[in-house]
Each structure stands twice: as C-alpha cells, then as structure tokens.
Amino acid sequence: MSYHAARNIVKHTVWLNNFEGTLVIRTLGADRSKWKAIVAELASSDVRNFLLDIPYWYAKDFLVLAYVHNMTGEQYNYVFTDWDTHLLDLSAFKICDGASISTFSITPNVGVHEPYGRGPFVENLRSTINKIERAQRYSDILPFLTASASLIYDSMLLFGLTLMTHKDTITARPGELTCDSEDAVWLHGERLVREVKAFNSTKIPTITGQILFDHQGYRSNFNMSILSLQNSGLQEIGYWTHKDRLQITHPIKKKKKVAKKPLTAVTLRVTTVPDTPFVIPKKFDAYGQPLKSPDAWEGYCVDLLNLISQDVGFNYTIDITMDHYGSRHVNESGEVYYNGIVGVVHRGEADMAVAALTITYEREQVLDFSTPFMTLGGSLLFMRPKTQKPSIFSFLQPLSPTVWAYVITTYIVVSVGLFLVARLSPYEWQNPHPCEAFSEEKENQFTVLSSFWFFITPLLNQGTEMAPHTISTRLLTGIWWFFALILISTYTANLAAFLTVDTTELPIESVEDLVAQTKIKYGTLQSGSSHDFFKYSRIPVFQRMWEFMSKNDVFVQNTEEGIERVLKGDYVFVLESSWNEFYNKRDCRLMQIGRLLDSKGYGIGLQQGSPYRDPISESILKLQKAQTLDQLKRKWWTEFNISEPCINNKEGSKEAKPLGIEQVGGVFVLLIIGFFWAFIVSVIEFCVHNKACMKSQGALFSEMWKELKFAMRCMTPSTRTKSSTPVIHEPTPVLTAVIPEKPERLAEQATIEPVPVQSQDMLTVPMAESNEALLCSNASDTSSSGGTSVGDAYPSPPPHSQNPSGSPWSHLNNPQKKSPSMGEDWWTISQSAV
C-alpha cells in the first residue's frame, strides 16, 4: 500500500520486477477519511501480507483501522518501509499471538535513554532534531535521530575530513558560481569528488556505519537493521547488507499455544450497563438487583448475545457495572487506569463487555474488540423549535423585500417612461373631436396618472380601455406585459407553498453554528467515548467545544439526564447517533441537527489475547450477511415501546389543510386599507370641487351631508338633475333663408320628440364639469337653491346680425370664434355640452 502511488512505487521498481505472484497495489492518499473504506475492503479480502509505504506519522492511524476491522490475528504481517518508523512507540499494538509488525532502520537501535556513543555533539544534535520533528511532524515520538539527519551528518563529516586532508592541494573558494561566468567550472571539484569516494571511512565515527561507494558513485554495502515489534517495543532481529543479504540474528520465539477449552463447556462472564434499548433488565431479586440469568434481560445487545451464543456455543451470565462504560484516567502518581466496564474486563473481572461500547484507540490499548456490530457517529440532540405561525402578510413572502423594492421601482420608472415616450411621439397626439376633421386641437391620452393606471393593470391580470397607437409605446407596453407575465407566474407558483407549508427556524444548524454562539450550552456524558473524543481531538472546532465544556457545568451522568436538560431548553446534548435516532423517534420534541461529527462503531470488548474474539467476530459477520442485525435494529428502534414514530406524524402533517385567517388575513387588511383610502380621496375630491364652485351655497359639510343622504336613499336613481345646472333662454331663431326639405326629411323630423324644458322659454343644458366651472366663474349672484337666471348670470347673446346662419349655436362651428379672454361678452359652450 502506497501513500503517493506514482512517486513511491518508483523506488520499489527492482524488487517489484523480480516479484512472483499476485500483487495488489492500493493508494491511501492524503485524505485519511477515505482510509476506512479501503481498509474495510482489504479486511474482507484474502490479503494477509502488507507492505506499507506511508509516512511514519500515519502508521498509528493505519494500525487503529486494522484493529477496528479485526485485522490483528497472527496470520497478518505488516511491514513499514519508512526508515523513521522506529521513532514511534507501538507497544500498545503488540498482542500475544497477534499480527507481526516490522520495519527498517539505518540508524543504530539504541534504548530511549541510551546514547549513540558518537560524542556530545551527536547527543545535542539528537535533542535538537527531536524537538524540530515534534513541532513539524508528530508530537508523540521517541527521542531518536531521524534517518535524514543521520545521513546528512555522516555526509558532512566525510566531506569535511576529506577537504581537511587535501587542503594543501585543493583550494576551496567560498562563494556563488554562475553558469555565465568564465570561471564557472571549479577545477578542483572533480578531484574532490574522487577523493571523497576513495576516503577510508572505517575510522570515522559515523552514525549510519561505514560509508563505501560503488563505481557509479552510489553508496554500497550499508547496514540496514530489521526491527520487529515485541513486548518492549521495536527490537532488532536481524540485518541486511549487499554482501550478506538478509540475516536473522534473533529469531522470534513463539509461545506454545495453550489448548483451548471447547466453548460449549464454559460459561462466560458478561459485564454490561443497563441502557435502553441495548440492555434492559426485566427480572429482579428481593433487593431490587437484576438477576444474572440471560432470561432476566432483554434488549438489542441481549438478543445479539443470544444469537452469538447459539452460533458459537457457550453459556453466559450477566452482571452490571455501576460506573458506566469507562474512560482512560491518570491518578496522582501518574498511573493510567480505566473505570467502568472497560476497567472490569481489563482487570480480568469479566470475560467480555456487551453494551453500546464504542471502539476507540484508548480502549484498544487494553482490550480486544470484535468486529463492529453497529456503525454510528457523534451527533447533536436539540429540542425541536415550535412551528412559526404564518404571518398575516404571508402573501408578500413569495418575493423577498429586495424583489418587491425592485418591482415598485421598475413600475414607477416604466410608467414615467411611457408618459415621456407618448409625449415625444407625434403619432400619439390624436384629434379629440372625430367629427371635426380639420380641428387643430390635439389630445394625448397618456397623462401621468393614466400612464400609472395603464401599467398597473397587467400586474393585476386586468385590462383597460386605453390602447397605445405608436410603435414606440406599443414596444414599451409589450415588454412590460412580458415582464408582468413572468413575475405573476413566479409569484403564483410560490404563493401556494408559502401559504400551506409550515416554516421553522433553527437557531443552530451545524456544529460550527453551535461553537459560534454562547447562549445555547452543550455537553456530553461525564465519562465515555464522546467525552474522550472532545478531550483528545486535534480538530480546532472540537478543541474549542472542549474548552467551553470544561469551563462550564454541562456534563451529565447519564443519557436520561441529558435529555431532560435538552427539553428544558437552551442545551444541546452530544451523543452517539444511535441514541439520537432512538429518542427523537419517540419524543417529537427532540431532533437531530447537523451532520455526524465522526464515524465509529460498537463492538464487544474482550480481554487481550482472548480465544473467543475470532469466533465471536465470525458470528457477527454471519449475522450481518443474513441482515439479522438490521432486523434487530428495526425491532428495538421502530417497534419497541412506541405507538407511532414521529416520522409518521410528520408525514401525516403534510396532508392538505384548509387555509385559516392567519394565512390570508393580510389580503383583508389590504382591502380595508384600500377602502378607507378610496373614501378619503373621494372626500378630498368633493371638498376641492365644492370649494371651487360653491363658495356661497352654505357650509361645505352641509353640502357633504346632503350628498350622503342622497346616496343612502333606497332606490336612488343613477342619474339626477343637479340643482346648480345653468339654464339658458332659447331665443327665437331668425332664418334668413328657407331651404325646401325633401319629403323624406320632413317625415323624419315629424317623429322627433320635442326637447324637454323646465319652464316656458327655458332649455336645460347638461354641462360638463369644465364648462360648469367656466360658467360659474363670472356669476355675481347665486340663489340658495343653486338656480340662476340667464339674465343675471349670463350676458345677452350676440345680435342676430352677427349670426348669419340664424342659429344660436352656429358659433360652435365657426373657426373664427373667440374665447372669453378675448373680451367677448358671451360664453362658448362646448359641442359636447349640447
């Protein structure tokens, strides 16, 4: 196995070419999170011999994975090619009758406190190199010299002695050499190289042994030590030289295997921790203590233990341990000890520990674990936030406030743009009097207000009676219609989701969010794998979490206490994902947030060197292959002591429900606001109109009250005759010429009804608002009833001699008519008024 495939395999080219047999090469890579899958694949294969070409500071990580996947039997052999592997203390991985672990070293194999015997300078160099290596590479190393430091020391020693020997004949000039200078070649360089190769190094106190070179200039006949892991650490068992080849000087003495008793003839002592749903006591003695017989217990682990005992063939008794699972501790004298069920098995008080026991590196140092029967990881348990009630203005939520601001701004800009474009285009100015073909008066339908009204209707899916006439205004209108189509479609598509889907806001969504705040506290069990995970973690986020937890009272004694604290609010309980899944399926107030913090597994802990580990691991693999483990988890997680999982309640809540006033109340509020604004504007219009036309007809509020009484009458007609409508005396027309009519024309006129009048010689003329204001502006007297006489309010009509047509209305078609501003004493009434 290689760390970098292309670069590392090149140095093994010679022996790879001479290798006979099947060779499997796997690249681990720098991402250690992917190592687990590779090691798991190798564990399921028939490969037993491994040559590991990885940096020495990753050796422990690989061995931990190998132990987790039960690759520690005596049939496994691991050889590490890094020459600095001897810097590591691998004694924790030594197992009686376990895997063979070997490596190479070019430096002398001395004890930790034993000197190299090369003088004080080398010992000082040893201490300095060790400090640098601890800071840059790996902090947990032994005080030995690295291979690179030893080789550099020997090379500089040989070079210096050679140069001192030939100082009279070889001139060494310090300074830089460039290829462009004339004296770029050092004349004595080749000679010095030859002298270095020929120098007798037998009397030189080198670290790596005698230095000899072959004819090609490569070092030859060097001594390479072969180290093997023993109980006291890595010990030299042989050496390799080019001349002698591999020589084993200290053969490994294997202990004679003690004949194993048949498992059917033994009763194993099992220690556990009562913890639902893994281990649950159901029968007790007179003192309230659980019985030790297997039928007095139930749970996931108990069912698993029954299946394993039936497959392997052994009996067992169960005893409980009061101080939980156990962790690594150091007493005042510096001795390391373990409490809980880990310590019970380690001390030999029980044969195995069957519970939700996490496989960790610290526990692997004192126990042997079986193949994991459940894979999990650290997780965060938090109280589910209450569903937020929909806002009364939920209909505004499909678009963000920024989008609404853009829509309003765009609407204003485009409406003003339409007004300007319509004003600039000459074809948008139309004749307001179609009957007058040669009228010089032009009118533009797009005023400022009408432009705003014209562009608001597409947003509301409504139409208007106005229509643009020119290409420019039609182009602008078409683009706005397309914009409104997309906007309305997007808004409608999202509106249903915002009105029907309940939303919840999580104060934290990941472990990073949890660390970034201090209001919500978080903690874990006082003793256990989660506690040790944060305590010894090197990841900055988890280190910050440990600093917070160690300074605050956040640890709990058991899982039930942690859940109670979560339900009180403002607390996150860190626990394994298996517990998290079990509890949030039963209590809908709980939920898991974020991803898993790590990846680990539950296993059965046994004494180191236990003969029962391999049979139990094989049985677990059989159960895993038959999917029995999945059936057990389904039984105890989704069926045990539960009426309906919370996941079903969530699915049922997704059914369509009628909308309440909370979802659509904002529309009613908007309608009420619009109604009152329309009423206020109507009052303002009434006030402005009456201030202009009814200055002496009573108080303004009195007139408003009259209008309201008239509006509230039952069966009020839609038309009426306004009391202030001006009347005009109809003069007797003087005809200067009589044109004979056709008989058909005379018959048609005979059927025309007479014009209704209010009184004799009076004709009621409906006036437009503009004409009415014009007529009222020069009135000097107004009666209380609002009626006026023509003689009082209007000047006499012009003489008949000035009207050659003989009609009093002929001035309307006279192109030479004059306005009142021109000094005339008669009024012009628009054609629409007649």
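**Rings, a strand residue and a cavity**

Mentor: The charged end of Lys633 sits over the ring of Trp637; here the NZ of Lys or CZ of Arg must be within 6 Å of the ring centre and within 35 degrees of the ring normal. This is a predicted model, in which local features need pLDDT of at least 70 and side-chain atom pairs count only at pLDDT 80 or more, while totals for chains, interfaces and linings use all residues. Residues are numbered from 1 along each chain as its sequence is written, and side-chain values use heavy atoms, with hydrogens and water left out.

Trainee: How far is the charged end of Lys633 from the centre of the ring of Trp637?

Mentor: The ring concerned is that of Trp637, and the charged end of Lys633 sits over it. The distance from the ring centre is 5.8 Å.

Trainee: Is the pair of Tyr56 and Trp57 stacked or edge-to-face?

Mentor: Rings of Phe, Tyr and Trp (its six-membered ring) pair if their centres lie within 6.5 Å; planes under 30 degrees apart count as stacked, over 60 as edge-to-face and the rest as tilted. The structure holds 34 aromatic pairs. In the pair of Tyr56 and Trp57, the centres are 5.1 Å apart and the planes stand at 80 degrees, so the pair is edge-to-face.

Trainee: Is Trp636 buried or exposed?

Mentor: Buried means under 20% relative accessible area, exposed over 50%, and partly exposed in between (1.4 Å probe, protein chains only). The relative accessibility of Trp636 is 4%, so Trp636 counts as buried.

Trainee: Which backbone oxygen does the side chain of Gln607 reach?

Mentor: Gln607 lies in strand β25, residues 605-607, a strand being a DSSP run (E) of at least two residues, numbered from the N terminus. Gln607 is partly exposed, with a relative accessible area of 27%. At 3.0 Å, its side chain reaches the backbone oxygen of Ala350.

Trainee: Which element gives the largest share of the lining of the largest cavity?

Mentor: A cavity is a set of points on a 1 Å grid over the protein atoms alone where a 1.4 Å probe fits but cannot get out, and lining residues have an atom within 4 Å of a point. The largest cavity holds about 160 Å³ of space, a volume being the space filled by probe spheres set on the points, which are joined across faces, edges and corners. Among the residues closest to its centre are Tyr325 and Trp579. The largest share of the lining, three residues, comes from β22.

Terms used: Helix = DSSP H or I, 4+ residues; strand = E, 2+ residues; numbered from the N terminus. Polar contact = N/O pair within 3.5 Å; in protein donor to acceptor, adjacent residues only side chain to side chain. 1 Å grid on protein atoms, 1.4 Å probe; cavity = no way out; pocket = protein on both sides within 12 Å on 5 of 7 lines; lining within 4 Å.
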